[in-house]
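Biologist: Could you take me slowly through one part of this model, the sheet and the helices that pack on it, and explain each term as you use it?

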Amino acid sequence: MNIALLGYGKMGKTIEQIAIKRGHNIVLTVDKDDENYDLTKADVAIDFSIPNVAFNNISNCINNNVPVISGTTGWLAKYDDAVNLCKEKDGAFIYASNYSLGVNIFFELNKTLAKMMSNLKQYDVTMEEIHHTQKLDAPSGTAITLAEGIIAKHAEFDNWKLNETGKKTIPITSKRIKHVPGTHTVNYESEVDTISIEHVAHNRQGFALGAVIAAEWLVGKTGVFTMNDVLNIG
Ligand SMILES: NC(=O)C1=CN([C@@H]2O[C@H](COP(=O)(O)OP(=O)(O)OC[C@H]3O[C@@H](n4cnc5c(N)ncnc54)[C@H](OP(=O)(O)O)[C@@H]3O)[C@@H](O)[C@H]2O)C=CC1
Ligand SMILES: O=C(O)C1=N[C@H](C(=O)O)C[C@H](O)C1
C-alpha cells in the first residue's frame with residue numbers, strides 16, 4: 001500500500017516505522033509549508049497534523065479520491081463538514097480520537113461502567129488526562145470521547161467542561177507533564193469509596209499501529225467509519 005503521511009511529527013514518524021515493517025511504502029510526507037502537495041501516488045492518507053490544518057488535509061484527500069484516516073485532535077467543530085463532504089464525493093474517511101486497541105477497549109469499559117453507575121447518585125464523576133507539554137489542545141480528544149461515552153450511558157450528565165464543575169457536568173482536568181504519551185482516568189467518588197478506571201499509554205506504538213491497521217482496513221471501502229467498525233467491537 002502506498003501511504004501519504006500528512007503531518008510528519010512524533011506520530012507521523014512512528015507510523016512510518018510501523019508501516020514499513022508491515023510492508024507498505026511511504027510515498028509522501030507533508031509538514032508545515034508543504035501546501036500544494038500531490039496525492040496522486042497515494043492509495044491512502046494518514047493525517048496526524050495540527051488542529052487548524054486537519055480539516056484542509058482531510059477535504060483535500062476526499063476531493064482527490066484518496067481514502068483518509070485522521071487522528072488529529074482539536075478540530076471537531078468541522079467534523080460534520082468532513083462527513084458531509086465524504087458522503088457527497090463517495091469518499092472514505094475515519095476519524096478516531098485514539099487509534100490504540102487498548103484505548104478502544106477502555107472506551108467500551110467506560111460506557112459499561114457509566115451504565116452501571118447511572119442510578120447511583122452518591123457518586124460524583126471526575127476525569128483527568130495527562131499528556132506531554134507539546135500538546136496543543138485540551139482536553140485531549142480521548143478525554144472528550146470518554147466524556148461523551150459517559151453522557152450517552154449515565155442519566156445524571158449532559159455535558160463536560162474543562163476545570164469546571166456543575167450540575168450535570170463532568171469536570172475534566174488536563175495536566176501537561178514532559179514526555180507523558182497519554183494517561184486517562186475516570187473516577188467515581190462517594191463518601192465511602194472511589195472507583196477508578198485508567199488507561200496508561202507507555203509509548204506511541206499502540207496509536208500508530210492502530211492507525212496503520214485502520215488505513216489497511218479502509219482501502220477499497222466507501223463511507224464514514226469509526227474504530228469500532230475497524231476493530232469490530234462496541
Ligand atoms: N488519534 C490518536 O490515536 C492520536 C492522536 N494524536 C494527535 O495527532 C496530532 C499530531 O500529534 P503529534 O505527532 O504528537 O504532534 P507533532 O507536533 O509532533 O506533529 C504534528 C506535525 O504536523 C505538522 N504540520 C504543521 N502544519 C502542517 C500542515 N499544514 N500540514 C501537515 N502537517 C503540518 C507539524 O510540522 P511543524 O513541526 O513543522 O510545525 C508537525 O510535524 C495531534 O493532534 C495529537 O493530539 C496523537 C497521538 C495519538
Ligand atoms: O497529543 C497526543 O499526544 C495524543 N493525543 C490524542 C488525544 O488528544 O486524545 C491521543 C493520545 O492520548 C495522544
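**The sheet and its helices**

Modeller: Strand S6 (residues 124-131) and strand S8 (residues 169-176) run parallel and are joined by five bridges; helices (H or I, at least four residues) and strands (E, at least two) are DSSP runs, numbered from the N terminus, and two strands count as paired if DSSP finds at least two bridges between them. Bear in mind that this is a predicted model, in which local features need pLDDT of at least 70 and side-chain atom pairs count only at pLDDT 80 or more, while totals for chains, interfaces and linings use all residues. Residues are numbered from 1 along each chain as its sequence is written, and chains are lettered from A and ligands numbered from 1 in the order in which they are written.

Within this pair of strands, Met 127 has Ile 172 of S8 opposite to it. In general, the strands of a sheet pair through backbone hydrogen bonds, either parallel or antiparallel. Here five strands make up an open sheet with mixed pairing, and their order is S7-S8-S6-S9-S10. At the edges are strand S7 (159-162) and strand S10 (194-200), each of which pairs on one side only. From one strand to the next, the twist averages 20 degrees, where angles run from 0 to 180 degrees between N-to-C directions and axes are lines fitted to C-alpha atoms, for helices over the stretch in contact.

Two helices belong to this picture. Helix H4 (residues 101-117) packs on the sheet, where it touches strand S9 (183-189) and S10, and its direction makes about 165 degrees with that of S10; residues are in contact if their C-beta atoms, placed from the backbone, lie within 7 Å. Helix H5 (residues 141-153) lies across S6, S7, S8 and S9, and runs at about 165 degrees to S6.

To place this part in the whole protein, we can turn to the domain assignment, which gives domain 1 (2-99 + 205-231) and domain 2 (101-200); such bounds come from an automatic or database domain assignment. The C-alpha centres of the two domains lie 26 Å apart, and 10 residues of domain 1 are in contact with 11 residues of domain 2. On the side of domain 1 that touches domain 2, helix H6 (205-218) and helix H7 (227-231) each supply at least two residues.
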